[in-house]
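The exercises below ask the reader to work through a structure step by step. Each task is followed by a worked solution.

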Amino acid sequence: MIFDSHVHTEFSTDSQLKIEDALEVSKKLNLGIISTDHIDLNYPEKSKFVFDIDEYFKKYHRYRSNSYLIGVEIGMTEEYSDENRKINQSYEFDYVIGSIHFVDGIDIYEKSFYEDREKKSAYNRYFETMIKCLKTHEYVDSLAHIDYISRYAAYEDSEIYYNEYAELIDEVLKFIIDRQIAFEINTRRLDKNYIIKNLIPIYKRYKAMGGSLVTIGSDAHNSNSIGMNMKEAFLIAEECNLKPVYYKNRKPEYI
Ligand SMILES: [Zn+2]
Ligand SMILES: [Zn+2]
C-alpha cells in the first residue's frame, strides 16, 4: 500500500483536522496515512506545538490498522535533545520524523530570521543546525523536508542549489546514510505540472553516496492536502533510483 507518511491532525497546534476525517480520505483514496503531530519543545509559547501524547495514543490507538499508523514529528533542537529522546523512548510510535523548524532559537517561518542575513549565511546556518541536531537525534526514522527553509525564506530565489551548499549537504547525507535514516520527499512544494528541479540533484547525491530509503509525505494540515502531489514524489524517487518506504513499528516497509 502507498502511504502518505506525514499528516497533521488536531493534536498539532496548527491543524484542526479530525482523525476521523483523515481516515475517511484515506479510505476514499485507498492511501495509507501516518499521523505525525508536532512536538516542538523549543517553541517560545510553551503551550503551543506540544500535546498530550498519552491522550493521543488513547484516542488514536483504536484506529491503528494496516492503513493507519501512529507517528510524531519531532522538532529537533539541541536544547531539548534529552527530552526529545525520552519522548522517543517512552511511546510506541510506528514512525518518528526529525525536522528542523528553528535556527538560532528563531522559527524560520518568521521573516525576522531573514532580516540582516544574506541567503548564503542563513542557509549555511540552517544546514549546520541540521547536522548538529541530527547528531543528538540519531534515532529518528526519517529526515523531513530538507527544503523547509525554501517555503518561507524572504529572498527573491529561495531554492536550495546543491552546488552552493555541497559540503554541508554532503555532511547531512553522510550522517543519515550511516545511521540508516530515511530521507523524506515532502510533497508540499511539488506541483502537478512541475517538479522542483533543483531538488533532484540533492536526491541523486543521496543515492550516489549510498542512500536508498525515501519516505513520502504531504505535510497535510487539512483533509484536502492528504495525498497531494504523491505522484510527483514517486517520479523523483524513480528518477533518482530510490526506494519509497513507510515505517511501521519503527521499521521500513517497502512500497
Ligand atoms: Zn515540519
Ligand atoms: Zn509537518
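**Setting and conventions**

The UniProt annotation "domain: PHP", taken from an unreviewed entry, covers residues 4–187; UniProt positions are given in the numbering used here, feature names are shortened, and annotations may be inferred rather than shown by experiment. Over residues 4–187 the chain is 35% helix and 20% strand, and the end C-alpha atoms are 10 Å apart; helices (H or I, at least four residues) and strands (E, at least two) are DSSP runs, numbered from the N terminus.

This is a predicted model, in which local features need pLDDT of at least 70 and side-chain atom pairs count only at pLDDT 80 or more, while totals for chains, interfaces and linings use all residues. Residues are numbered from 1 along each chain as its sequence is written, chains are lettered from A and ligands numbered from 1 in the order in which they are written, and side-chain values use heavy atoms, with hydrogens and water left out.

**Exercise 1. Identify the protein donors of the zinc ion (ligand 1) and their spacing along the chain.**

Step 1. Donors are N, O and S atoms within 2.8 Å of the metal (3.2 Å for Na, K and Ca), and since water is not among the atoms, sites may look incomplete.

Step 2. Because Glu 73 lies in strand β3 (residues 68–75) and His 101 in the loop between β4 (95–99) and β5, the pair ties together parts that are 28 residues apart in sequence.

Step 3. For accessibility, buried means under 20% relative accessible area, exposed over 50%, and partly exposed in between (1.4 Å probe, protein chains only). Glu 73, with a relative accessible area of 1%, is therefore buried, and His 101, at 5%, counts as buried too.

**Exercise 2. Determine how the rings of Tyr 43 and Phe 102 are arranged, and which parts of the chain the pair ties together.**

Step 1. Rings of Phe, Tyr and Trp (its six-membered ring) pair if their centres lie within 6.5 Å; planes under 30 degrees apart count as stacked, over 60 as edge-to-face and the rest as tilted. The count by this rule comes to 24 aromatic pairs.

Step 2. For Tyr 43 and Phe 102, the distance is 6.0 Å centre to centre with 90° between the planes, and the pair is edge-to-face. Since Tyr 43 lies in the loop between β2 (32–39) and α2 (53–60) and Phe 102 in strand β5 (residues 102–103), the pair ties together parts that are 59 residues apart in sequence. Both Tyr 43 and Phe 102 are buried.

Step 3. The rings of Phe 113 and Tyr 114 have centres 5.0 Å apart and planes at 85°, so this pair is edge-to-face. Phe 113 is buried at a relative accessible area of 1%, and Tyr 114 counts as buried at 5%.

**Exercise 3. Describe the strand partners of β8 and the covering of its faces.**

Step 1. Two strands pair if DSSP finds at least two bridges between them. Strand β7 (residues 142–143) and β8 pair in the parallel sense over two bridges, and Leu 143 stands opposite Phe 183 in β8.

Step 2. Strand β9 (residues 213–217) pairs with β8 in the parallel sense over four bridges, with Ile 216 in β9 as the bridge partner of Ile 185.

Step 3. In a regular strand the side chains alternate between the two faces of the sheet. In β8, both faces are covered, given that Ala 182, Glu 184 and Asn 186 on one side and Phe 183 and Ile 185 on the other are all buried.

**Exercise 4. Characterise the surroundings of Lys 119.**

Step 1. Lys 119 is placed in helix α4 (residues 119–136) and is buried, with a relative accessible area of 16%.

Step 2. Leaving out residues up to four places away in sequence, Lys 119 touches Tyr 155, Asp 157, Ser 158, Glu 159, Tyr 161 and Tyr 165, where contact means heavy atoms within 4.5 Å. The C-alpha atoms of Lys 119 and Tyr 155 are separated by 6.9 Å, although these residues are 36 apart along the chain.
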